[in-house]
Amino acid sequence: MAKNITTREADYNQWYLDVIKAAQLADYSPVRGCMVIRPTGYALWEAIQHDLDARFKATGHTNAYFPLLIPVSFLQKESEHVDGFAMECAVVTHSGLEAGDDGNLKVKGELAEPLIVRPTSETVIGHMYSQWIQSYRDLPVLLNQWANVMRWELRTRLFLRTAEFLWQEGHTAHETAEEAQEETLRMLDVYADFVQDFLAVPVIKGRKTESEKFPGADTTYCIEALMQDGKALQAGTSHNLGQNFAKAFDIGFLGRDNQRHLCWTTSWGVSTRLIGALIMTHSDDEGLVLPPRMAPVVCAIVPIYRKDDEREQVVTACRRILVNLCGEKAVAQAESLQGTREQLTVFFGEGHRQQVILDLRDSKPVDKHFYWEQRGVPFRLEVGPRDVEKNACVLKTRLSREKEFLQQDTLSGGWLFEKMEAMQAE
């Protein structure tokens, strides 16, 4: 068992929180129920955004952004919607602060109409669609936004359920009911393919019951994944909204028959909950385990030495491996920009998203072992003085925990990519 991590068998809930803490993915906010996403955790969200956004655009969707604050009257226009979210809404009632007579701050300027911190955006987007859509020629409208939302939660858990969280929400408008249904199922398939292919998390697609469907939807579909504790986790949803929001916000168009019709709309979304699913699907009692396509750092190169006079030759060999994997130009550029930092970080492959790191810290080998294990880095290459003499290195794989002895000259970017794809397939 790794340092400071409870076993899954002893306490699954605590194990989950321990993995997050050890990998430095997130921390608790001063505001109850909210979380701070640390750089490594946010890098996972960036990986999700990067891949999923490309899938959205491949299906014809474009990104936009809508306001964080929504007039309370907008929620009241769709009865099921307001009933479903009323208890979770955070409400802004005043426009500012001022100093009181006692020197403390107090609220001022009560708003004429309270504003809701968005729990979801169907209402404000419905309002804007009613302004933008005039004719069947304006359809379909296929928009997505990457945003944050807030829903007051009584029981919170990092990534899985927090008062504020990050997500994407797609919102589309269509000419016919058939087109809206096709869109709803198409995006469900996009989610399922993405989660299984990129996160390596198996899912089941299905339709939610009437009591569990999204407030204001005709039908809600979801993908669910089975976690290691035997419980199912909802990983994404796609909603056919029918004409409910079109009626509430008068989203209409002049049809091909020269008559006015109401649009058919959909919405769909996934959130930072996917990071929780990733943790609970793959991680073990040693810490975080990441599929290679998701990992911000795909490989750590670790010099192992005991004496100062061994350091130079071992680090030189490690730098040579770094060049083999990422290229001399990329390594030289990283050195010029990062100076004498304890970790030299170099981009690997296309897209400038994933990295290889040369660990130059003067830490004990066992501390470096736990450091990279708990962060879920898929591969670790270790080089000691004897390895330098043999032009060799030791490959340690996070998933299988196996060791492999390799010749340094056989390492390349292509080799690492093949290793990544082979592990992803496992």
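Mentor: Axes here are lines fitted to C-alpha atoms, for helices over the stretch in contact, with angles between N-to-C directions running from 0 to 180 degrees. Helices (H or I, at least four residues) and strands (E, at least two) are DSSP runs numbered from the N terminus. The model is predicted, so local features need pLDDT of at least 70 and side-chain atom pairs pLDDT 80 or more, while totals for chains, interfaces and linings use all residues. Residue numbers start from 1 along each chain as its sequence is written, and side-chain values use heavy atoms, without hydrogens and water.

Helix α9 (residues 308-326) and helix α10 (residues 328-338) have axes that come within 7 Å and cross at roughly 120°. That makes α9 oblique to α10 (under 35 degrees is roughly parallel, over 145 roughly antiparallel, 65 to 115 roughly perpendicular, the rest oblique). Arg-319, Leu-322, Val-323 and Cys-326 of α9 make the contact (heavy atoms within 4.5 Å) with Glu-328, Ala-330, Val-331 and Glu-335 of α10.

Next comes helix α8 (residues 273-282), where nine of 10 residues are buried (under 20% relative accessible area with a 1.4 Å probe, protein chains only; exposed is over 50%, partly exposed in between). Among the buried residues are Leu-274, Ile-275, Leu-278 and Met-280. The buried residues of α8 pack against α1 (12-22), α2 (39-58), α6 (177-197), β11 (232-242) and β14 (264-271).

Helix α2 also lies across β3, β7 (141-150), β8 (164-174) and β14, running at about 165° to β7. Helix α5 (residues 122-132) packs on the sheet and touches β7, β8, β11 and β14, its direction making about 30° with that of β8.
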